[in-house]
Amino acid sequence: MKQTITIIYFTDNAGKARTVEFSLKSLVLLIIGLFILILVLITSAAFSLKLYVEKSRLLNELASVAAEKNSLQGRVADTEAQAGKIDPIAVPSVKTKTAEIIEPASLNGFQVKKDGGKVVVSFDLVKANNTGESLQGYIFMVGDYGGIYFSFPEGIEIEDGSPVDFKKGDRFSIKWQKHMEQIFPLSMDSVLKAVNVFVFSADGELLIKKEAGL
């Protein structure tokens with residue numbers, strides 16, 4: 001048998017009664033729905049209150065951080081202002097030893113001797129390091145007769161006392177050392193005033209320039 005609940009209510013002062021009839025199942029569902037609705041409203045209110053409290057806390061923390069930042073900037077500005085008034089501490093200079101530059105070759109026993117009507121130039125071209133690799137390049141000997149030049153090898157172009165093309169020199173290749181000697185006439189149209197020796201590497205770098213006056 002279906003169970004029902006009847007609600008009697010009056011709509012006016014005449015006393016006329018009206019009735020509403022619910023099944024017991026519908027009433028139970030209505031009560032459960034109202035309970036769920038009330039629970040949802042309470043949960044929403046609690047969540048909103050929590051968000052409000054959290055927002056207030058975050059705003060207070062942000063204000064505190066901003067105040068601390070301003071205070072820190074003020075201290076930094078004061079420190080920089082004080083630092084500008086302090087004379088910088090003199091730092092003693094440190095002298096460093098310059099590394100000694102070792103040339104790849106040298107002229108040992110360099111001599112210029114007058115012998116009658118000639119001048120003998122002699123020396124040993126010595127490789128600086130003791131590795132087994134050969135040092136290769138080009139060598140010139142240029143006699144300066146007051147702006148007139150006589151050279152070995154002969155017939156090369158000289159400009160301002162220096163050879164123009166390094167590849168026109170006498171080619172050498174040494175592992176240790178090589179003795180070299182040339183004879184210049186003491187006088188041509190004028191008297192020999194100086195002898196210059198130029199040593200170039202195989203790629204044209206000037207390794208040695210030796211000048212000897214007479």
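I started with S122, which counts as buried at 10% relative accessibility. For my own use: buried means under 20% relative accessible area, exposed over 50%, and partly exposed in between, with a 1.4 Å probe and protein chains only. I found S122 in strand β4, residues 118-127. Strands here are DSSP runs of E with at least two residues, helices are runs of H or I with at least four, and both are numbered from the N terminus. Leaving out residues up to four places away in sequence, S122 touches G109, F110, Q111, H179, M180 and E181. A contact is heavy atoms within 4.5 Å.

**What I am looking at**

This is a predicted model, where local features need pLDDT of at least 70, side-chain atom pairs count only at pLDDT 80 or more, and totals for chains, interfaces and linings use all residues. Residues are numbered from 1 along each chain as its sequence is written, and side-chain values use heavy atoms, with hydrogens and water left out.

I checked confidence next. pLDDT is the predictor's confidence in each residue, from 0 to 100. The protein chain has a mean pLDDT of 82, and 84% of its residues reach 70 or more.

**Rings**

How many aromatic pairs does the structure hold? I get seven. The rule: rings of Phe, Tyr and Trp (its six-membered ring) pair if their centres lie within 6.5 Å; planes under 30 degrees apart count as stacked, over 60 as edge-to-face and the rest as tilted.

I looked up F110 and F123, a stacked pair at 5.7 Å centre to centre with 20 degrees between the planes. F110 lies in strand β3 (residues 105-115) and F123 in strand β4, so this pair ties together parts that are 13 residues apart in sequence. F123 is buried, at 1% relative accessibility.

F166 and F200 make a tilted pair, 6.2 Å centre to centre and 35 degrees between the planes. F166 lies in the loop between β8 (162-163) and β9 (170-174) while F200 lies in strand β11, so the pair ties together parts 34 residues apart in sequence. F166 is buried, with a relative accessible area of 19%, and F200 counts as buried at 10%.

Then I looked for charges over rings (NZ of Lys or CZ of Arg within 6 Å of the ring centre and within 35 degrees of the ring normal). The charged end of K210 sits over the ring of F110, 5.4 Å from its centre. The charged end of K127 sits over the ring of W176, 5.8 Å from its centre.

**Cores**

A nonpolar core is a set of buried Ala, Val, Leu, Ile, Met, Phe, Trp, Tyr and Cys residues joined through side-chain atoms within 4.5 Å. Which residues have the most contacts inside the largest one? They are F123, L125, F184 and V199, in a core of 25 residues. At least two residues of this core come from each of β3, β4, β5 (135-144), β6 (149-152), β9, β10 (177-185), β11 and β12 (206-213). β4 gives the largest share, four residues.

A second, separate core has eight residues, including V142, I156, F198 and F200. I also listed partners of F184: not counting residues up to four places away in sequence, it touches, among others, K118, V119, V121, M141 and V142.

**Salt bridges**

I count two salt bridges, each a side-chain nitrogen of Lys or Arg within 4 Å of a carboxyl oxygen of Asp or Glu. E54 bridges to R57, with the closest N and O atoms 2.3 Å apart. These two are three residues apart in helix α1 (residues 24-85), so about one helical turn separates them. R57 also bridges to E61, at 2.5 Å between the closest N and O atoms. R57 and E61 both lie in helix α1, four residues apart, about one turn of the helix.

Shared partners join E54, R57 and E61 into one network of salt bridges.
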